[in-house]
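Okay, everyone, thanks for coming. Let me put today's structure up on the screen, and then we'll walk through it together.

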Amino acid sequence: MNSAARLPGRIGPNALLITAAAVPLTGWAVHAVTLYKQIAAKEKDPLTGLLRRDAYTTRARRLLARHGDNLAVVMVDADHFKQINDSLGHEAGDAVLAAFGARLTAWAGPRAAVGRLGGDEFAVVLELASDRRAQRLEQLVRMLHTPVVLDDGSTVDVAASIGAATPDALGTRDLTALQRTADAALYDGKHTGRAVLATAQHATVPSINGRRAGRPGTATWGRAA
């Protein structure tokens, strides 16, 4: 028998070479997946799964630069959130925030920038055609006013205040200006159960570091708290 002949099941030299070459690639792929997960974990808020402020800002500005005229910047505050924490405990408060995160994600869709800016404050940048703005914002109000079911089966009544600003109405694609104006619109309709679409008048409301003056979380001496 020829000594060079291959035995059944024996791996030839070419196959060994391919296998050996694939090992570092496989190792790199595993490393890349691990690195991606680490980056994603740093970009996302662990409680709500939404983008953290910096990651949200980067994505929001990119969207505005590409599709500004068809976009809306939406600011959302959970209403009476401190009361929920104080009366029902922080677990219930966390459940409410997580539910808001899930509802905002479902409402905005996969191409939007959805972020938790801190505490019970959220922001969304998404495509929102002018002829559907009122309808879509009303839909968001209904979603964020639906009671949240806790792990023990009990429910928590929730509500949110919502303000929106659009580049075509305000003549700017600047994210800070749009968020500030949407924030002013939000407080114009605070606790009314309706979303407010900002006008040019809302852009004249005084602000401190991009937030409405007098808003919780701002200090009168000029720095955001």
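Before we start, a quick word on angles: the axes here are lines fitted to C-alpha atoms, for helices over the stretch in contact, and the angles run from 0 to 180 degrees between N-to-C directions. Also, keep in mind that this is a predicted model.

With that in hand, look at helix H5, residues 133-144. Helix H5 lies across S1, S3, S6 and S7, and it runs at about 160° to S6.

So what are those strands part of? There's an open sheet of five strands, in the order S2-S3-S1-S6-S7, with mixed pairing. Which strands stand at the edges? Those are S2, residues 113-118, and S7, residues 195-197. Each has a single partner strand, so one side of each is left without a neighbour in the sheet. From one strand to the next, the twist averages 20°.

Let's zoom in on S2 and S3. How do they run, parallel or antiparallel? They're antiparallel, with five bridges joining S2 to S3, which covers residues 121-127.

Last stop: asparagine 85, over in helix H3, residues 81-88. Is asparagine 85 buried or exposed? Its relative accessible area is 14%, and buried means under 20%, so asparagine 85 counts as buried. Leaving aside neighbours within four places in sequence, asparagine 85 is in contact with His90 and Gly93.

How values were computed: Residues numbered from 1 in each chain as written. Predicted model: local features only at pLDDT ≥ 70, side-chain atom pairs only at ≥ 80, totals over all residues. Heavy atoms only, no water. Pairing = 2+ DSSP bridges. Helix = DSSP H or I, 4+ residues; strand = E, 2+ residues; numbered from the N terminus. Contact = heavy atoms within 4.5 Å. Buried < 20%, exposed > 50% of the residue type's maximum accessible area, 1.4 Å probe, protein only.
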